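Hi everyone, thanks for coming. Please have a look at the sequence and the model before I start talking.

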Amino acid sequence: MDLQLLLWVPVIAWSLQKVLEKDLLGATHHRDFAKLAVFFNFIIVVPLIFFVEVPSLPSLLITAITSIMNIASSFFLYKGFQDDEISRVAPFEQFYLILTVLLAYLFLGERLLSVQYIGIFAAVFGGILISLDRGFLSVSQFMKNNRAAGTVLVSAFLSGVSVLFNKTALNWGTTAISLLLFRRLFAAVLIAPFIVSIPKVKSWPKFLLTRVLSSYGLLILLFVVSKQMVSTTIPILAFLPLGVAIFGRQLLKEKLSWWRIAGIVLIIAGYSIV
């Protein structure tokens with residue numbers, strides 16, 4: 001099977017996941033939602049325990065670090081999702097792709113072509129267009145309008161570093177299934193003491209579906225990353241904002257301004273070049 005074709009599974013799965021999460025966040029505080037999501041991410045992948053190989057100690061240490069970053073990233077991400085329209089802030093989550101490619105170039109020795117710099121510029125410019133879709137009356141108003149996007153960017157930074165660490169563990173011989181399970185396990189153990197009560201959830205079936213889409217989409221991504229370069233794998237995920245925009249319009253009735261559409265198109269074009 002073409003590995004690039006396989007990557008469309010997490011693109012579609014995560015696009016739907018994010019829109020469903022936005023709907024669920026209407027009834028649950030983002031901190032409670034993040035803690036619950038991190039814990040159930042492990043519960044969902046427990047069946048994979050029969051296919052796990054215990055990684056080396058260095059791989060386990062890296063996996064533990066990525067688990068901490070995953071927890072922190074989730075808190076920032078769901079805060080941003082709760083505070084603004086999902087089709088507006090989700091594109092900024094994909095800026096972790098830029099960081100991942102740059103870090104892969106700096107630390108993994110993966111080659112970065114000159115044309116890829118054009119792609120990075122186009123993606124950044126697309127983000128600027130989205131940030132301007134509510135006008136620019138003043139700096140303070142602009143910052144207020146884009147506070148949620150800024151929060152998501154912090155999450156994107158943590159995700160970018162996490163992807164690099166994941167690739168390092170895979171390069172050391174850790175299987176995709178083992179990396180996913182231990183990453184989820186460490187995160188669940190760390191977050192469990194902070195879950196003092198089960199928060200109100202708008203729809204448990206919908207919530208559990210988001211965890212399935214998240215976890216098994218990640219499993220497919222890790223499998224593909226283990227077979228090819230990060231810089232070859234990651235760019236296709238740039239289509240996530242388009243998927244989120246489509247699902248958001250259909251399920252949440254979000255309106256799309258021309259600024260937002262143009263920004264999404266530029267981000268997709270930029271990452272396709274990258």
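**A walk through the model**

Rolling a probe the size of a water molecule over the atoms shows where empty space is left. For us, a cavity is a set of points on a 1 Å grid over the protein atoms alone where a 1.4 Å probe fits but cannot get out. Points are joined across faces, edges and corners, and the volume is the space filled by probe spheres set on them. The largest cavity comes to about 520 Å³. It has 31 lining residues, where lining means having an atom within 4 Å of a point. Closest to the centre are Trp 14, Asn 70, Glu 93, Ser 159 and Arg 183. Helices H2 (8-24), H3 (30-45), H4, H9 (147-171), H10 (176-191) and H11 each give two or more residues to that lining. Helices here are DSSP runs (H or I, at least four residues), numbered from the N terminus.

Quick housekeeping. This is a predicted model, in which local features need pLDDT of at least 70 and side-chain atom pairs count only at pLDDT 80 or more, while totals for chains, interfaces and linings use all residues. Residues are numbered from 1 along each chain as its sequence is written, and side-chain values use heavy atoms, with hydrogens and water left out.

Now the helices. How far apart are the end C-alpha atoms of H11? They are 35 Å apart, which agrees with the 34 Å that its 24 residues (204-227) should span at 1.5 Å a residue. That expected span is 1.5 Å times one less than the number of residues.

H7 (residues 114-131) has 18 residues and reaches 27 Å from first C-alpha to last, close to the expected 26 Å. Its buried residues include Gly 119, Ile 120 and Leu 129. Buried means under 20% relative accessible area, exposed means over 50%, and partly exposed is in between (1.4 Å probe, protein chains only).

Next, packing. A nonpolar core is a set of buried Ala, Val, Leu, Ile, Met, Phe, Trp, Tyr and Cys residues joined through side-chain atoms within 4.5 Å. In the largest one, with 60 residues, Leu 237 and Tyr 271 touch the most other members. A second, separate core of five residues includes Met 69 and Leu 103.

Let's zoom in on two residues. Ser 155 lies in H9, and at 0% relative accessibility it counts as buried. Beyond its neighbours within four places in sequence, Ser 155 is in contact (heavy atoms within 4.5 Å) with Ser 73, Phe 76 and Leu 77. The side chains of Ser 155 and Ser 73 are joined by a polar contact of 2.7 Å. A polar contact is a pair of N or O atoms within 3.5 Å; within protein, one must be able to donate a hydrogen and the other to accept it, and residues adjacent in sequence count only if both atoms are side-chain atoms.

Lys 79, in H4 (residues 57-83), is partly exposed at 32%. Its side chain makes a polar contact with the side chain of Asp 83 (3.0 Å).

Last stop: Lys 253, in the loop between H13 (240-251) and H14 (258-273). Buried or exposed? Lys 253 is exposed, at 63%, and has a positive phi of about 60° although it isn't a glycine.

Conventions:
On a 1 Å grid over the protein atoms alone, a cavity is a set of points where a 1.4 Å probe fits but cannot get out, and a pocket is an open set with protein on both sides within 12 Å along at least five of seven lines; lining residues have an atom within 4 Å of a point.
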